[in-house]
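Subject: Structure handover

Hi,

Here is the structure I promised to pass on. My notes follow below it.

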Number of protein chains: 2
Amino acid sequence: MKKIGFVGLGAMGMPMAKHLAASQFPVTAYDIRPAVVEAFAAEAGKGAKSAAEAFAGADVAILMVVNADQARQILFADKALAGMAADGTVILMATCAPRAVEEIAAEVVAAGRRFIDAPVSGGIGGATAGTLTIMAAANRATFEAAKPVLAAMGDKVFHVGEKPGQGATAKTINQLLCGVHIAVAAEALSLAEKVGFDPKVAFDIVSGSAASSWMLRDRGPRMMQADPEVKSAVDIFVKDLGIVLEAGHDAGTALPIAAVAHQLFLAVSGRGEGKTDDSQVIRAYRSLQGRKA
Amino acid sequence: MKKIGFVGLGAMGMPMAKHLAASQFPVTAYDIRPAVVEAFAAEAGKGAKSAAEAFAGADVAILMVVNADQARQILFADKALAGMAADGTVILMATCAPRAVEEIAAEVVAAGRRFIDAPVSGGIGGATAGTLTIMAAANRATFEAAKPVLAAMGDKVFHVGEKPGQGATAKTINQLLCGVHIAVAAEALSLAEKVGFDPKVAFDIVSGSAASSWMLRDRGPRMMQADPEVKSAVDIFVKDLGIVLEAGHDAGTALPIAAVAHQLFLAVSGRGEGKTDDSQVIRAYRSLQGRKA
């Protein structure tokens, strides 16, 4: 059985690592927060004191970190890549810009390892249920060899291309839609609020009509709460729509709707509310309307 | 049984009028095109030679015309309202701005008739199947009296408020979401095209993930066709998002995402392609990218 190193035990990473352990993979995991490493070790696998220790001798090294800079730091600056098995495979599952993924992949391959660009969609719910959508780009043989590992975490595993960066592109397209769908749901429900139309009635109508989206149905109810539980933060979409626009810039493509949506998430983050639930992008609209948000 | 007058036998109106006739209502219908009036008369009810003839003595007068100006012309200038039953009810089902609906309602009520503001959602498919979403605003008694008429055309009949204009507001919120969801689907799929990522693979991923919307699933496949069948035209969203922005303007509310989406539909219409399927808003993006659209 393949030896797996896993770095990044966040809200997504922790359940993903547990699913791997539950599928009988030997998993050694690391996170910058010792408490979560202990929690993982108590329940599922081995804990490590550093990323390099987690990846030492690993056949598969999984990165579920915040961004490309963290992945670079761990693999190259902290030399975790150098300690992997000689024919090991790095699987980068964080949301990164396509160009950053291409650069990291090139450096991993130059060090003699294999690389899979495999971002995910499905949120904490999908990670916990093991039903993530995984968008994997790698040469076919590398993908096939790692497929049982990916299938332990997601039930919709796509081989989207042979070239690293294509997984990140798929995730970019996915996040463009997700971010805009949240922001426009807020635009619609805040219009209802402004004109004195019960937003709950508006939600009942549009969540069952051709106006519906997955995000509208999921985030809409939380938009109508004053201070909802944080399922995913505003700052995640400040980051992810930033990556979308970076990818558009690199491709020489105007993305006017995504650009506007990004500004609205940024406005809420700029109020010091970036850690609130992303449904609270509706506060940007309430501010524009001069109402208490 | 109530005598119904129906004006506007377009792609939506024709199946709606047929459902009324199939529900045993006596329907007299008019359209500016004599051929469709004949088709209706041959199959379902009576044909009329003018709107005034269709509404003469009617208990219920239904308007499924293009816009508020046509409704005003028929009711007031052509004097069709004056010929209705003395306690008749006008049901305006066209998509109009809330303010225009309020004005028409006031004039109808001043003439001693009742008024229901009842726009619909669900497109030709919903009209044909009799499964439209109907967003009705009227006082409760008027709504209840007309409910069997509405239920003959739609299976999701909402009483959204007591005040005319509130139905139009619900439709406005609905169309804001519909229009933006189509445009952003085009933004996402055109990004895939531009970077050489198979848009069919992108569609397969996002139509099954949290990135999905009703419009993405419905319009996405037609965006990838060069010249798809016209289910609903680009110019419909030029009009409907125009109404959305007018409603926002009247309410003193900025609708930045809807405004951008409107510009994209307008760009395609300005190329002389307003009669193409609304999925072809993707041509605006291809133009921006300097590619053959």
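Val7(B) sits opposite Tyr30(B) of strand E2(B). This is a predicted model, in which local features need pLDDT of at least 70, side-chain atom pairs count only at pLDDT 80 or more, and totals for chains, interfaces and linings use all residues. Residues are numbered from 1 along each chain as its sequence is written, while chains are lettered from A and ligands numbered from 1 in the order in which they are written.

Back to that strand pair. E1(B) (residues 4-7) runs parallel to E2(B) (residues 27-30) over four bridges. Strands pair here if DSSP finds at least two bridges between them. Helices (H or I, at least four residues) and strands (E, at least two) are DSSP runs, numbered from the N terminus. E1(B) is also joined to E4(B) (residues 60-63) by four bridges, again parallel. There, Phe6(B) has Ile62(B) as its bridge partner.

E1(B) is covered on both faces. Ile4(B) and Phe6(B) are buried on one side, Gly5(B) and Val7(B) on the other. Buried means that 20 or more other C-beta atoms, placed from the backbone, lie within 10 Å of the residue's own. In a regular strand the side chains alternate between the two faces of the sheet.

Now the contact between chains. Chain B and chain A each bring 52 residues to it. Contact means C-beta atoms, placed from the backbone, within 7 Å. H8(B) gives the most on the chain B side, with 17 residues. That side divides into 34 nonpolar, 15 polar and three charged residues. Nonpolar is Ala, Val, Leu, Ile, Met, Phe, Trp, Tyr, Cys and Pro; charged is Asp, Glu, Lys and Arg; the others, Gly among them, are polar.

How are the copies related?

One more helix to look at. H10(B) has buried residues including Met215(B), Leu216(B) and Met223(B). Their cover includes H8 of chain A, together with H8, H9 and H13 of chain B.

Best wishes

Methods. Contact = placed C-beta atoms within 7 Å. Buried ≥ 20, exposed ≤ 12 C-beta atoms within 10 Å, placed from the backbone.
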